[in-house]
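User: Can you walk me through a structure? I'd like to go topic by topic.

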Amino acid sequence: MSKIKIALIILLVFFVNLDLSSGAMLLMVKNTLSSSVPDAWVNHTIEFTTNNSVPSGGKIEFRMERGFFYIPTSFNFNDMDMLVRLPGDDEYENRDLGSSVSGTVSAVSVSPGSFGSIVITLAEEVPSGSRVKIRLGTHAEYGASGGNNIKNPTVPRSYDFFLETRDPFDNRIDNAKGMVAVIDPVQTTLAFDLGLPVRYDGLPEGELPGNTEKATISLKTDIFSLCRYATEPGVEYPDMPYSFSQSHRTLHSSLIDHLENEQEYSFYVRCENVMGEYNLDDYEISFSVAPAPTDVAEPGDPDDDPEDHGGTPGRPGSGGGSGGGSGGGVGPGSGHEHPPHTGTVIIEGWSYPNSRLYILKDGVVIMEERIRDADFSKRITEVVYGGYTFSVYADDPDGTRSSSKHSTLTVRSDTINRITNVFLPPTISPKGGSVSPGGEMNFSGYAYPDSELRYEVLRNRTVVKDGSSMSSDDGSWGISIETSSLSVGSYDFRARTVMTEANQESDWETVAFGVGAEPEADTLTADLNRDGRVNLADFSILLFHWGTSNPLADINGDGVVGLADFSIMLFQWTG
């Protein structure tokens, strides 16, 4: 079946791919290119977290795979920004850059060409656990606006890049190898069925007044369509000899003349949508014309008194009166008063016993209900034809709110649409906090009853602890994390529910906590379905709402879902 396709050219590509084969490593390394197109001049945004401190006089070196990326000879410190976020800080601070080290100014040395590199000699220390961001290109803005970019290779494929930190004596401290992809523009499509036209409100119907010589047959469709008709049933749409109009519309009409008294008329209608898909069954419009009136005097009859009666009385149609005089207009028939352009949505899944369930349509709560059992099935009727994002979340018995599950679909006329296997992740309390080194961090919440709860503790997205527990018959659970083996810093605790017999598992629910420090939440604003990851599920939601102002997909809050939101999503991509 044909599809409507929405295409978007992906211009931003990034990676995370570390080489752990030698020495200490830089953490959470990535490089974001402003364009993946071969032979293009692009910006680079390099990010990493230091494993070990880089002292004053130490160096940070960046280079691409030799022989492929071209650094122009005019590239210098004005085309660079260096930002550092110290451990425990919420914001980045810009470091001053220049051609030589002086006071707080770090020196930039550029080796241009296809075998080039960029080295920053630090005026000030970058402590262990600092987040470093280096902008290379025209998006550099601190101190001076960048005027030069780095040129991509001409051959599409994956390329390595290298980062290294060294002490003032050029001894290696940390290093990492990553990968970027240079590819031809990729076209991603979102396809959905348009559906066949629904036909209704066929007119006229019943009996028209005698002496009616002309009438307009008409009908409506729920989507823009072309309609044709025949006077015999069973004629294929392309073979039907008569057309209602030559343009796509939802109201279709055609004038029928040469009608005769005491005759019955039937017209068989089929329509096609804008994709050329057409009905395979007939929609019948039938009516008849009454006999000629018998109480009207012959013309010129001397007994005819014009004041005795006013013209030829019209006979009412079955849905309303016709105008006075033979051949007067036909009133509406008894077809549907309103178009059958609504459908039903059924949402089914699993929550927690005695929780309060919320269902939203495009971010607005349309149903709020206390549920006794963890299983739920809710029916939403009279949903007007169109595309929507439905969301589900719940408050557990203690009032802790779960993450939302989202599903986007197009509701068509006279259809029942099911959103199934909505598995809400476990709630977790507390949502944050810290514990002294060596102490226990306690988490609790609610999950699907009598099910397995799998959990992980992560540092910089690397799992350092994991395990499992069981929820009770009322869905409650509790887990204690012993921290004597954990170093001081910020961690993430995440948990998911697993129903082994049903072969179902929920998404992860994640909270941050600190050991001897305040937690640093890793906020993924592009995680549209709130499953703890930014991936194709979020991308499909973004594409569905492309060009709209839907707040669910408007990541940067500028009132339109567009390229700015897409670039944020790519920057936060986790896969």
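Analyst: Here is a short tour of the disulfide, a surface patch and the cavities. Keep in mind that this is a predicted model.

User: How many disulfides does a search of the whole structure find?

Analyst: The search finds one disulfide. Cys227 and Cys271 form it, with their sulfur atoms 2.0 Å apart.

User: Where do Cys227 and Cys271 sit in the chain?

Analyst: Cys227 is in strand β20, residues 215-230, and Cys271 is in strand β23. They are 44 residues apart, and the pair links distant parts of the chain.

User: Is Cys227 buried or exposed? And what about Cys271, buried or exposed?

Analyst: Cys227 has a relative accessible area of 1%, so it is buried. Cys271 is at 0%, so Cys271 is buried too. The cut-off for buried is under 20%.

User: Why is the disulfide called right-handed?

Analyst: Because the torsion about the S-S bond of Cys227 and Cys271 is about 105°.

User: New topic. Which residues make the nonpolar surface patch?

Analyst: Phe224, Val274 and Met275 make it. The patch covers about 270 Å².

User: Where does Val274 lie?

Analyst: Val274 is in the loop between β23 (263-272) and β24 (283-289). Its relative accessibility is 44%, so Val274 counts as partly exposed.

User: Now the inside. How many cavities of 30 Å³ or more are there?

Analyst: The count is two. The largest cavity has a volume of about 50 Å³.

User: Which residues line the largest cavity?

Analyst: Its lining includes Met64, Glu65, Phe69 and Ile71. Gly113, Ser114, Phe115, Gly116 and Ile150 also line the largest cavity.

Definitions and conventions
Residues numbered from 1 in each chain as written. Predicted model: local features only at pLDDT ≥ 70, side-chain atom pairs only at ≥ 80, totals over all residues. Heavy atoms only, no water. Patch = residues over 30% accessible without salt bridge, like charges linked within 9 Å, V, L, I, M, F, W, Y side chains within 5 Å. Areas by Shrake-Rupley, 256 points an atom, 1.4 Å probe, with all protein chains shown as cover. Salt bridge = Lys/Arg side-chain N within 4 Å of Asp/Glu carboxyl O. Helix = DSSP H or I, 4+ residues; strand = E, 2+ residues; numbered from the N terminus. Buried < 20%, exposed > 50% of the residue type's maximum accessible area, 1.4 Å probe, protein only. Disulfide = S-S within 2.5 Å. 1 Å grid on protein atoms, 1.4 Å probe; cavity = no way out; pocket = protein on both sides within 12 Å on 5 of 7 lines; lining within 4 Å. Points joined across faces, edges and corners; volume = space filled by probe spheres on them.
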